[in-house]
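Here is a short report for a first look at this structure.

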Amino acid sequence: LVPPPPPDAFAFAPIVVPPSTLPADLKKARGDATLPQGMVTFVVGRGRQRLEHVSKNVLCVRSDYFRTMFGAGMKERDA
């Protein structure tokens, strides 16, 4: 017989989830004329599932990547 592993053999470090910044981010989006307006549609996965009516300004407030992509001078801003 193989002895069982010690109790802590499969222990993992606890996952620390930071507090949400969504309410503060949504306040930032209100009235900010530098943010693009409009909605986008994402097509994702092998099944090409559509995620429609995603707000550009919320994406920009929550993500530096989208803020850059939808920023001035980029064709995606007006797409």
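## Terms and basis

Buried means under 20% relative accessible area, exposed means over 50%, and partly exposed lies in between (1.4 Å probe, protein chains only). This is a predicted model: local features need pLDDT of at least 70, side-chain atom pairs count only at pLDDT 80 or more, and totals for chains, interfaces and linings use all residues. Residues are numbered from 1 along each chain as its sequence is written, and side-chain values use heavy atoms, with hydrogens and water left out.

Helices (H or I, at least four residues) and strands (E, at least two) are DSSP runs, numbered from the N terminus.

## Salt bridges

How many salt bridges does a search of the whole structure find? It finds 3. A salt bridge here is a side-chain nitrogen of Lys or Arg within 4 Å of a carboxyl oxygen of Asp or Glu. One of them pairs Arg-50 with Glu-52 at 3.0 Å, N to O. Glu-52 is partly exposed, at 41% relative accessibility.

Asp-25 takes part in a salt bridge with Lys-28 at 3.3 Å, N to O. Both residues lie in helix H1 (residues 22–29), 3 residues apart, about one turn of the helix. Asp-25 is buried, at 8% relative accessibility. Lys-28 is exposed, at 52%.

Asp-25 also forms a salt bridge with Arg-62, at 2.7 Å, N to O. Asp-25 sits in helix H1 and Arg-62 in helix H2 (residues 56–62), so this pair ties together parts 37 residues apart in sequence. Arg-62 is partly exposed, at 43% relative accessibility. Shared partners join Asp-25, Lys-28 and Arg-62 into one network of salt bridges.

## Nonpolar core

A nonpolar core is a set of buried Ala, Val, Leu, Ile, Met, Phe, Trp, Tyr and Cys residues joined through side-chain atoms within 4.5 Å. The largest one has 9 residues, among them Ala-29, Leu-35, Val-40, Leu-59 and Phe-66. H2 and helix H3 (64–69) each supply at least two residues of this core. H2 gives the most, with 3 residues. In soluble globular proteins, nonpolar side chains tend to be buried together.

## Positive phi angles

Most residues other than glycine have a negative phi. Arg-48 has a positive phi, near 55 degrees. Arg-48 is in the loop between strand S1 (39–44) and strand S2 (49–55). Arg-48 is exposed, with a relative accessible area of 57%.

His-53 also has a positive phi, near 65 degrees. His-53 lies in strand S2. His-53 is exposed, at 63% relative accessible area.
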